[in-house]
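Here's a quick briefing for anyone meeting this structure for the first time. Take a look at the picture, then read on.

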Amino acid sequence: MQEIFTGLPWWVKWIAVPVIALVVFGGLIASVVGFVIGLLFKVLVFVALVGGLIYVVRKFTSSSSSRSDW
């Protein structure tokens, strides 16, 4: 691979090749990034819902146990 890029100008190595790679694999890269962002969002929603459920359950169980103490 090194021998292929040895005789080429710098702009081919650092501009043309990455642009061609983005054009060819752009859709794939965008779909992977979208999938990862969607997955992270779903994980955050799951954590928030479970945390809210735990908070509500502890709130009601502590209030019901304090009522039984009366």
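Let's start with the surface: the chain exposes about 6,500 Å², and carbon and sulfur atoms supply 79% of that area. Keep in mind that this is a predicted model.

**Overall build**
- When it comes to secondary structure, the chain has two helices and zero strands.
- The chain's radius of gyration is 27 Å, while the globule rule gives 11 Å for 70 residues, so the chain is more spread out than a compact globule.
- Draw a box along the principal axes, and the C-alpha atoms fill roughly 90 × 20 × 15 Å.

**Burial**
- How much of the chain is made up of buried residues? The share is 1% of the 70 residues.

**A look at Val24**
- You'll find Val24 in helix α2, which covers residues 10–69.
- Is Val24 buried or exposed? Val24 counts as exposed because its relative accessibility is 57%, and the cut-off for exposed is over 50%.
- Val36 sits twelve residues from Val24 along the chain, and the C-alpha atoms of the two are separated by 20 Å.

**A look at Val43**
- Val43 is also a residue of helix α2.
- With a relative accessibility of 44%, Val43 counts as partly exposed, since that label goes to values between 20% and 50%.
- Gln2 and Val43 are 41 residues apart along the chain, and 42 Å separates their C-alpha atoms.

Note on methods: Residues are numbered from 1 along each chain as its sequence is written. This is a predicted model: local features need pLDDT of at least 70, side-chain atom pairs count only at pLDDT 80 or more; totals for chains, interfaces and linings use all residues. Side-chain values use heavy atoms; hydrogens and water are left out. Helices (H or I, at least four residues) and strands (E, at least two) are DSSP runs, numbered from the N terminus. The radius of gyration is taken over C-alpha atoms; the globule rule is 2.2 Å times the number of residues to the power 0.38. Buried means under 20% relative accessible area, exposed over 50%, partly exposed in between (1.4 Å probe, protein chains only). Accessible areas come from the Shrake-Rupley method with a 1.4 Å probe; for residues, only the protein chains shown count as cover.
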